[in-house]
Amino acid sequence: MMVDKRHPSPSGWAEPAAVPLYGFQPPVGTPYGLEVNTIEDFFAQHDDWPWSPPRPVRATFHYLIAVTEGELRHDVDHVTRTVAPTQWLWVRPGHTLCWHPPGSARGPFVLFEPDVLRPDIARLLAPLTAHDAPAVLGPQADDAAWLQQTALQLLDEHRALGRRSLDIHHALRRSLLESLLLRLTNVPGIAPIGTATAGTGRTDRYGRFLDALELHFRELHQAADYAELLGCSVRTLSRAARDVTGKGVRELIDERRLLEARRLLGGARWDARTVAVHLGFSDPANFGRFFRDRTGLTPAAFAAREARTGA
């Protein structure tokens, strides 16, 4: 299901306890970047990893868990989430995650790579697949039963490999997955699809900005840097960002840098000076002010708190 993709640090310094990066690697014979399982079977197949002991990892793919029974506890970006029956947990590519012991949780578990979705469907799902969308989704009552049933149908079709041609099998799986995700856009906290698609050009531009931000947030910190990369004006890029998020480009850049700082100080146990260099700050003092202004804690205090809670 996952494969460790850790690489040596390109900057030359040692990475203390770096969070492992895991890519999608389904069982042999599973086609097209989509795997479906159940929570209980997943834990049974991995009874000594990665929750014994729990340790943070980062995935390059989406995984989506529907809790039908019991209660699931799971960390997403260093925050422990509790997922109750009828709720869904969504961990998106790039999030730091950490499993807790399984307890009594039951339900379907869907893992998929972003390019499984057709491009037109992916555009409609942009508010749901966004990096900062809610980790725990609470469907409305009239959607909950339909969503769970569709997830179970997807599980059944996934297990039907060999009953029909591979192309038909995958088309059915993808259709069920896309139907499931489109219905999940109706949950509270997700921007309406119509809002996201009202200005298609702006939405596409914002998506390209997010891609550029993931690649360059360590060294590019100004809105003008990204506008130049995307071939547009700062004003045009700012309007695209505000249309989708209500936030300015600089605020989004700072949020991404802060998220990475929290990951490195917490789960990876980097020291503040190394984090400052990694994120492109001119000196550790500037990084300290940046971090304290946004969290109320110094980097050292945050790291100490994370070490206590993670012990």
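Guide: Start with Arg263 and Glu260, whose side chains meet in a salt bridge (3.3 Å, N to O). A salt bridge here is a side-chain nitrogen of Lys or Arg within 4 Å of a carboxyl oxygen of Asp or Glu. The model is predicted: local features need pLDDT of at least 70, side-chain atom pairs count only at pLDDT 80 or more, and totals for chains, interfaces and linings use all residues. Residues are numbered from 1 along each chain as its sequence is written, and side-chain values use heavy atoms, with hydrogens and water left out.

Visitor: What separates Arg263 and Glu260 in helix α10?
Guide: Helices are DSSP runs (H or I, at least four residues), strands likewise (E, at least two), numbered from the N terminus. Arg263 and Glu260 are 3 residues apart in helix α10, so what separates them is about one helical turn.

Visitor: Are Arg263 and Glu260 buried or exposed?
Guide: Buried means under 20% relative accessible area, exposed over 50%, partly exposed in between (1.4 Å probe, protein chains only). Glu260 has 2% relative accessibility. Both Arg263 and Glu260 are buried.

Visitor: Which parts does the pair of Glu260 and Arg218 tie together, and how many residues apart are they?
Guide: Glu260 also forms a salt bridge with Arg218, the closest N and O atoms being 4.0 Å apart. Glu260 lies in helix α10 (residues 249-265) and Arg218 in the loop between α7 (200-216) and α8 (223-230), so the pair ties together parts 42 residues apart in sequence.

Visitor: Which residues are linked with Glu260 in a network of salt bridges?
Guide: Arg218 is partly exposed, at 27% relative accessibility. Arg218 belongs to the network with Glu260.

Visitor: Which helices does the pair of Arg294 and Asp254 link?
Guide: Arg294 forms a salt bridge with Asp254, the closest N and O atoms being 3.1 Å apart. The two residues are 40 apart, and the helices are α12 (residues 284-295) and α10.
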